[in-house]
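Hello,

Here is the structure you asked for. My notes on the core, the salt bridges and one surface patch follow below it.

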Amino acid sequence: MHVRIYRPSKTTMQSGRAKINLWLLEAETVSSRAPDPLMGWVTAADTLDEIKMKFPDCETAVAYAQKQGWQYTVLPVQARKVVPRNYADNFKT
């Protein structure tokens with residue numbers, strides 16, 4: 001099984017910076033998804049794609065994946081871009 005380990009970005013409903021230091025271990029999708037003929041929901045034959053485990057740091061997630069014998073990919077952390085702004089810039093012509 002192949003998993004990816006990454007630190008997710010904050011959600012659109014989140015204005016603060018809490019809970020952004022967690023790392024996620026998520027299984028890669030193996031089977032294709034298809035709509036269920038009866039209900040119309042999207043289903044997959046593999047239930048491992050529902051696994052999402054949270055870890056406090058990357059090393060713990062990597063150690064867990066190695067202990068389970070899984071192949072893993074660690075995605076790099078996206079750097080936060082801060083654009084400095086001044087209130088006076090609103091009135092420049």
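Buried means under 20% relative accessible area, exposed means over 50%, and partly exposed lies in between (1.4 Å probe, protein chains only). Areas come from the Shrake-Rupley method with a 1.4 Å probe, and for residues only the protein chains shown count as cover.

This is a predicted model: local features need pLDDT of at least 70, side-chain atom pairs count only at pLDDT 80 or more, and totals for chains, interfaces and linings use all residues. Residues are numbered from 1 along each chain as its sequence is written, and side-chain values use heavy atoms, with hydrogens and water left out.

**Salt bridges**

The structure has four salt bridges. The criterion is a side-chain nitrogen of Lys or Arg within 4 Å of a carboxyl oxygen of Asp or Glu.

Start with Glu-26. It is buried, at 8% relative accessible area. Its side chain pairs with that of Arg-4 at 2.5 Å, N to O. Glu-26 sits in strand β2 and Arg-4 in strand β1, so this bridge ties together parts 22 residues apart in sequence. Strands are DSSP E runs of at least two residues, helices are H or I runs of at least four, and both are numbered from the N terminus. Arg-4 is partly exposed, at 27%.

Glu-26 also meets Lys-52, at 3.4 Å, N to O. Lys-52 belongs to strand β5 (residues 52–55), so the pair links parts 26 residues apart in sequence. Lys-52 is exposed, at 55%.

Asp-89 and Lys-92 form another bridge, at 3.3 Å, N to O. Asp-89 is partly exposed, at 37%. Lys-92 is exposed, at 63%. Bridges with shared partners join Arg-4, Glu-26, Glu-28 and Lys-52 into one network.

**Core**

The largest nonpolar core has 11 residues, including Val-3, Trp-23, Phe-55 and Trp-70. β1 (2–6), β2 (23–27) and α1 (58–68) each supply at least two residues. α1 gives the most, with four. A core here is a set of buried Ala, Val, Leu, Ile, Met, Phe, Trp, Tyr and Cys residues joined through side-chain atoms within 4.5 Å.

Phe-55 contacts (heavy atoms within 4.5 Å) Leu-22, Trp-23, Leu-25, Thr-60, Ala-61 and Tyr-64, leaving out residues up to four places away in sequence.

**Surface**

Leu-38, Met-39 and Trp-41 make a nonpolar surface patch of about 420 Å². Patch residues have over 30% relative accessible area and no salt bridge; like charges are joined within 9 Å, nonpolar side chains (Val, Leu, Ile, Met, Phe, Trp, Tyr) within 5 Å. Trp-41 lies in the loop between β3 (33–35) and β4 (42–44). Trp-41 is exposed, at 57% relative accessibility.

Best regards
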